[in-house]
Amino acid sequence: MDPQNLAYALIQLVHNFGAVAVVGGAVAARWLARDAPATQRRLAWLVLAGWLAQAASGAGFGAVSFLFYGRFPDIHAIARVALLLKMACAASGILLAAGYLKRAADWLPARRDTVWTLLLVIAVTALASAAFLRWFA
Ligand code: HEM
């Protein structure tokens, strides 16, 4: 078995489930658990874990490439923009989800709605960027 393929596959495994967590968690919190702050809080932990997993596994892809080739892949400008967008989404997702866990207990429902909408928008943006990163890399 090729160790490089195995490393990529294991990282992709984490990355795929992280993507489900950030998108699905935000959808559930925004609509299904809208009137249940305690459930929303549990979902915020899931979403935070998802964003951390995305950042770590995303860095893992780069680390494996570096380990096997001694440099990062030379990717097309469109793929580079997509990658930067994903990194910006991950940074804001981590900050927003952590901020939610710290402060949301004092927030009115409208404010919680706004933050979940934002978390959903950045998750969808990152997922859409993944398609461009994949095919323009
Ligand atoms: C710091 C943040 C991130 C980095 C550095 C990163 C990096 C990467 C890399 C290098 C790949 C492999 C690209 C290829 O196959 O050529 C990838 C694939 C992928 N990423 Fe990310 N990613 C990040 C965040 C995210 C987020 C937040 C999502 C979803 C919400 C996401 C969803 C995906 C998906 C679905 C794939 C598989 C694409 C495919 O093969 O069709 N990524 N990512």
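**Entry 1**

I count a residue as buried if 20 or more other C-beta atoms (placed from the backbone) lie within 10 Å of its own, as exposed if 12 or fewer do, and as partly exposed in between. I looked up Leu46, which is partly exposed because it has 18 C-beta neighbours inside 10 Å. Leu46 is found in helix α2; helices are DSSP runs of H or I with at least four residues, strands are runs of E with at least two, and both are numbered from the N terminus. I take a contact to be two C-beta atoms, placed from the backbone, within 7 Å. Setting aside residues up to four places away in sequence, Leu46 touches Ala21 and Gly25. Both Ala21 and Gly25 are on the list of buried residues of α1. I also checked Leu46 against Leu133: they are 87 residues apart in sequence, and their C-alpha atoms are 25 Å apart.

**Entry 1: what kind of model**

I note that this is a predicted model, in which local features need pLDDT of at least 70 and side-chain atom pairs count only at pLDDT 80 or more, while totals for chains, interfaces and linings use all residues. Residue numbers start from 1 along each chain as its sequence is written.

**Entry 2: the whole chain**

I find four helices and zero strands in the protein chain. Read from the N terminus, the order is α-α-α-α. The C-alpha trace spans about 50 × 30 × 20 Å along its principal axes. The chain has 137 residues, and 26% of them count as buried. I then took the contacts between residues at least 6 apart in sequence, and 83% of these join residues at least 24 apart.

**Entry 3: helix lengths**

I compared end-to-end spans with the expected span, which is 1.5 Å times one less than the number of residues. Helix α1 has 30 residues and reaches 42 Å between its first and last C-alpha, close to the expected 44 Å. Helix α4 covers residues 109-136, and its 28 residues reach 41 Å, close to the expected 40 Å.

**Entry 4: α1 against α2**

Which angle do the axes of α1 and α2 make where they cross? I get roughly 155 degrees for α1 (residues 3-32) and α2 (residues 37-69), whose axes come within 8 Å. α1 is therefore roughly antiparallel to α2. The axes are lines fitted to C-alpha atoms over the stretch in contact, with angles from 0 to 180 degrees between N-to-C directions; over 145 degrees counts as roughly antiparallel. The crossing of α1 and α2 is left-handed, meaning that the near helix is turned anticlockwise from the far one by less than a right angle. I sorted the contact of α1 with α2 by class: 19 nonpolar, 10 polar and no charged residues. Here Ala, Val, Leu, Ile, Met, Phe, Trp, Tyr, Cys and Pro are nonpolar, Asp, Glu, Lys and Arg are charged, and the others, Gly among them, are polar.

**Entry 5: α1 against α4**

The axes of α1 and α4 come within 9 Å and cross at roughly 150 degrees. The two helices are therefore roughly antiparallel to each other. This crossing is left-handed. The α1 side of the contact includes Ala19, Val22, Val23 and Ala26, and the α4 side includes Asp113, Trp116, Leu119 and Ala123. By class, the contact of α1 with α4 has 12 nonpolar, one polar and two charged residues.

**Entry 6: buried faces**

Where do the buried residues of α1 pack? They pack against α2, α3 and α4. Among the buried residues of α1 are Gly18, Val22, Ala26 and Arg30. In α3, the buried residues include Ala82, Lys86, Cys89, Gly93 and Tyr100, and their packing partners are α1, α2 and α4. In α4, Val115, Trp116, Leu119 and Ile122 are among the buried residues; α1, α2 and α3 (77-103) are included in what covers them.

Ala97 lies in helix α3. Ala97 is buried, because 25 other C-beta atoms lie within 10 Å. Apart from neighbours within four places in sequence, its contacts are Ala44, Val47, Leu48, Trp51 and Leu119. The C-alpha atoms of Gly99 and Val115, 16 residues apart along the chain, are 9.7 Å apart.

Note on methods. Parallel < 35°, antiparallel > 145°, perpendicular 65-115°, else oblique.
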